[in-house]
Amino acid sequence: MILGVGVSFNPMDPEFVADPYPTYRRLRDDDPVHQSPLGFWVLTRYDDVVAALRDPRLAKEAIAAFVAARLGTTPSAGTTLSMLDRDPPDHTRLRGLVSKAFTPRVVEGLRPRIQSIVDGLLARVARARSMDLIEDFAYPIPVVVICEMLGVPVEDHERFKGWGLDLARGLDAVLLPPDSGVAERSLAARRALAEYFRGLIATRRASPRGDLLSALIAAEEAGDKLNEDELLATCILLLIAGHETTVNLIGNGTLALLRHPEQLRRLREEPGLIGTAVEELLRYDGPVQRTARIPSMDLTIGGREIRKGEMVMPFIGAADRDPAQFADPDRLDIGRSENRHIAFGWGIHFCLGAPLARVEGQIALNTLVQKLPELALATDRPEYRQSLTLRGLKTLPVTF
Ligand code: HEM
């Protein structure tokens, strides 16, 4: 569709899904606080996105009712909202219960285990000298790690893989026609996951272990800290966040390196750059492209008046390519030192799993680059998953 001063923004266009960055640039230049005829505001400037994410007037809990009204359903029927979708004080309480498990110090202790998972996956494909980097490498790493942390039997993952995909797709429900079926499938997946966790919680209640699930059950049993529905919502959020994001850091990151052979060579020669390299890959082509907020009162962003109850979408992917914030933003520079990217968000909902995702990304990419000197793309046009919220590849065939 053509809008205003010739800015075209159709999030369902396959061209946009394959490469959203030219559209972001046009929006940022010509209409940075864009009122989409699809029924929401699109923010593409770094300063506006950061300001929105740190503004307590732009809240989360109203989103459920907004989406339900769009789809003609009851707000979050049959489910409780997780911390990601809650406002203080509930957000603060729920986040506090699990934050200790994800501190940089705890996550550093996981390095040897993550390295052995990564080495094991490469050993399995060593003879074939080819793999689907997504299926065989990027996906299993975060899945095994989060299952082990939570205490979910990793052999069950085939069961919740499909549910994870349906839930991830459900993040786009508000952008799709109400009859797309996406919202219904997402709700069904959430219910199936809740059922799955109910069974597991019963087992762990009877014989607790040293895992995060047992710790959460203990918090629930202690009384006023979290109720059973919140316990389920927390487990589902951690399992799915651990499934649907880091895979795309590893997938998008590998693709970006393969498309910039001089940067790949640089990383191979200077493995010490892996820290800044992962930050740059997060900025350059991040797994989470956008989020959403709803103002609790009328307010002004970039000179445009936004009414209470309207939906605002801060586009992280666009902010992270804003030339007002990043020098030469479309250039991949794995040594970039000025890099206050917002791939993990900003403010009170800043990604709880960021330290874990960083360590997983660093170990996975560094091992790949160092151990596979012949690594090469086996396709010209990798296909992206159809999603406006999460950016990731369906498959990435490589040889080595
Ligand atoms: C590269 C991988 C990842 C990226 C790019 C990412 C990105 C994000 C972003 C942008 C948010 C904020 C959303 C908003 O403001 O609406 C967020 C929140 C969150 N992420 Fe991540 N994430 C990643 C990995 C993980 C992992 C591995 C976990 C845990 C296992 C995780 C757990 C969470 C949780 C629990 C929240 C909600 C925090 C809150 O509401 O206070 N994430 N993530």
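A disulfide is a pair of cysteine sulfur atoms within 2.5 Å. In this predicted model, a search of the whole structure finds zero disulfides. Cys147 takes part in none, and its nearest cysteine sulfur belongs to Cys235, 12 Å away.

Cys351 is the only protein donor of the iron atom of the ligand. The donor atom is SG, at 2.3 Å from the iron. Cys351 lies in the loop between α17 (316-319) and α18. Asp328 is found in the loop between α17 and α18 as well. Asp328 is not a glycine, yet its phi is positive, about 50°. Its relative accessible area is 46%, so Asp328 counts as partly exposed.

Helix α18 spans residues 354-371 and packs against helix α14, residues 246-259. The angle between the two helices is about 35°, and their axes are 10 Å apart. The crossing of α14 past α18 is right-handed. On the α14 side, the contact is made by Thr246, Leu249, Ile250, Gly253, Thr254 and Leu257. On the α18 side, Ala357, Glu360, Gly361, Ala364, Leu365, Leu368 and Val369 take part. Eight residues of this contact are nonpolar, four are polar and one is charged.

Helix α13 covers residues 228-244 and contains Thr234. Thr234 has 4% relative accessibility and so counts as buried. Beyond its neighbours within four places in sequence, Thr234 is in contact with Val98, Leu216 and Leu226.

Helix α11 runs over residues 182-206 and includes Ala194. Ala194 is buried, because its relative accessibility is 12% and the buried class lies under 20%. With residues up to four places away in sequence set aside, Ala194 touches Leu232 and Ile236. Ala194 is 58 residues from Asp136 in sequence. In space, the C-alpha atoms of Ala194 and Asp136 are 27 Å apart.

Glu184 is also placed in α11. Its relative accessible area is 45%, so Glu184 is partly exposed. Asp166 and Glu184 are separated by 18 residues in sequence. Their C-alpha atoms lie 9.4 Å apart.

Two further backbone features are found in loops. Pro88 and Pro89 are joined by a cis peptide bond, with omega about 5°. Pro89 sits in the loop between α4 (62-71) and α5 (90-99). Arg129 shows a positive phi of about 55°, although it is not a glycine. The loop that holds Arg129 runs between α7 (111-125) and β6 (130-132). Arg129 is partly exposed, with a relative accessible area of 48%.

Terms used. Residues numbered from 1 in each chain as written. Predicted model: local features only at pLDDT ≥ 70, side-chain atom pairs only at ≥ 80, totals over all residues. Heavy atoms only, no water. Axes fitted to C-alpha atoms, helices over the stretch in contact; angles between N-to-C directions. Helix = DSSP H or I, 4+ residues; strand = E, 2+ residues; numbered from the N terminus. Left-handed = near helix turned anticlockwise from the far one by under 90°. Contact = heavy atoms within 4.5 Å. Nonpolar A, V, L, I, M, F, W, Y, C, P; charged D, E, K, R; others polar. Buried < 20%, exposed > 50% of the residue type's maximum accessible area, 1.4 Å probe, protein only. Donors = N, O, S within 2.8 Å, 3.2 Å for Na, K, Ca; no water.
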